[in-house]
Amino acid sequence: MPTERFQFTGEGGHQLSGALELPDGEPAAFALFAHCFTCGKDTLAAKRIAVALAAKGIAVLRFDFTGLGSSEGDFANSTFSSNVADLVRAADHLRNVRKAPSILIGHSLGGAAILAAAGQIPEAKAVVTIAAPSDPAHVTGLFSEHLDHIRTRGEVEVSLAGRPFRIKREFLDDIVEQELMKDIAGLHKALLVMHSPVDDTVGIDNATKIFVSAKHSKSFVSLDHADHLLSKPADALYAADVIAAWASRYVETAKPAKAMDLPEAPRQVVVQETRKSKFNQIISVGPHHLVADEPVAAGGEDAGPGPYDFLLAGLGACTSMTMRLYADRKSLPLDRVTVTLKHSKIHAKDCAECETREGMLDQIERDIAMDGALDAEQRKKLMEIADKCPVHRTLSSEIRIVTKAVE
């Protein structure tokens, strides 16, 4: 799977470096990943999750915040607010060059940043936090013994994970002003909270606070036995599997088949007697199996729809699907289509517009109900579209049925 270099201008005017992990084919969705405090885009968890999601068709952008990894700028001049702003800028640039992210993922402090940024990324439908603190100020616990010195001196070098970092008073002031609980309560997006009960860096109580503050739709998944950094490959891959499955409820994570992608020949329909009763049939359509029968009044046992029922069902389904495709393409406020059909026989002489003048004719009555704030013109157009469904055209045109006996 290809990885593209991704650069954009951050909040401070510096060039920030990122990597866009792409699937082999056309991406079904785009995700934005925010890494943990003082980490980078190439941390094991970030890279493993991004690669695993790309294998499932989801493109993932991860980047280094200011002064970290390959990004320009001075880390000491960054704050939680500037990181949030950089996430929004990353989404903006992704929107311009590819497509805006519909999935937001944040690990540790990156999870808190994602929660704060989500409201500024309108296309995002699904938000995921992994081992995230419920309060960004939680991160100050990593250098709590230096807090007084930072406030009095304005800037102090501290050691985090064995590496030196300069922390300024502005960072502390900014992080205290954050109102993450308010951001979570007003999220209005699907939320997945992932956390390990044995996380000794950010306790599981943080997940509880995030989950309780959020409104539905929200979900929680326990990352049993995982450490804070998801250092074991299996833990990162498990997280990616869960994210992909969960996000599919809220965003389109599987590439829809286009007409050109469909097989040239339609799949066969096989109908075979079951011999359980006079008319009982088993119908096989690819992986689908249906039962057909006749009503009791016609000599059957009514174990399934009759032949004409299936005919009407095909017309009704095609009608509704065709109207839905048109309404979505034209952004019409069509909430739901309900098609009710009835088959009967009528005398040809009673049909003024029919060419046949003698004997009996088949008649299908089709009533279409459209829910939604549609005006009269939109309803009229949708009714015209209903008559253009492929099954309708097939039934109303000359049909040639070729029948042959096989051994």
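Throughout, Ala, Val, Leu, Ile, Met, Phe, Trp, Tyr, Cys and Pro count as nonpolar, Asp, Glu, Lys and Arg as charged, and the others, Gly among them, as polar. The model is predicted, so that local features need pLDDT of at least 70 and side-chain atom pairs count only at pLDDT 80 or more, while totals for chains, interfaces and linings use all residues. Residues are numbered from 1 along each chain as its sequence is written, and side-chain values use heavy atoms, with hydrogens and water left out.

The domain assignment, with bounds taken from an automatic or database source, gives domain 1 (3–248) and domain 2 (306–396). The C-alpha centres of domain 1 and domain 2 are 50 Å apart.

Grid points are joined across faces, edges and corners, and a volume is the space filled by probe spheres set on the points. The largest pocket holds about 860 Å³ of space. Its lining comprises 27 residues, and F310, L311, G314, L315 and V391 lie nearest the centre. Two or more lining residues come from each of β11 (269–273), β12 (281–285), β13 (288–292), α9 (307–329) and α11 (390–395), where helices (H or I, at least four residues) and strands (E, at least two) are DSSP runs numbered from the N terminus. Helix α9 gives the most, with eleven residues. By class, the lining of this pocket contains 20 nonpolar residues, six polar and one charged.

One cavity of 30 Å³ or more is present in the structure. The largest cavity has a volume of about 90 Å³ and is lined by 13 residues, with C36, F37, F65, N83 and L109 nearest its centre. Helices α2 (80–97) and α3 (109–117) each supply at least two residues of this lining, and α3 provides the largest share, three residues. The cavity lining divides into eight nonpolar residues, five polar and no charged.

Helix α1 (residues 44–55) has twelve residues and reaches 16 Å from its first C-alpha to its last, close to the 16 Å expected at 1.5 Å a residue; the expected span is 1.5 Å times one less than the number of residues. The buried residues of α1 are A45, A46, I49, A50, A52, L53 and A54, buried denoting under 20% relative accessible area, exposed over 50% and partly exposed in between (1.4 Å probe, protein chains only). These residues pack against β2 (15–21), β3 (29–34), β4 (58–63), β5 (103–107), β6 (126–130) and α8 (233–247), contact being defined as heavy atoms within 4.5 Å. Just after α1, G57 adopts a positive phi of about 95 degrees.

Helix α8 has 15 residues and reaches 21 Å between its first and last C-alpha, close to the 21 Å expected. Its buried residues are D235, A236, A239, A240, V242, I243, A244, W246 and A247, and their cover includes α1, β4, β5, β6, β9 (190–195) and β10 (218–222). Within α8, A240 is buried, with a relative accessible area of 0%. Not counting residues up to four places away in sequence, A240 touches I49, A52, L53 and K56.

Methods
On a 1 Å grid over the protein atoms alone, a cavity is a set of points where a 1.4 Å probe fits but cannot get out, and a pocket is an open set with protein on both sides within 12 Å along at least five of seven lines; lining residues have an atom within 4 Å of a point.
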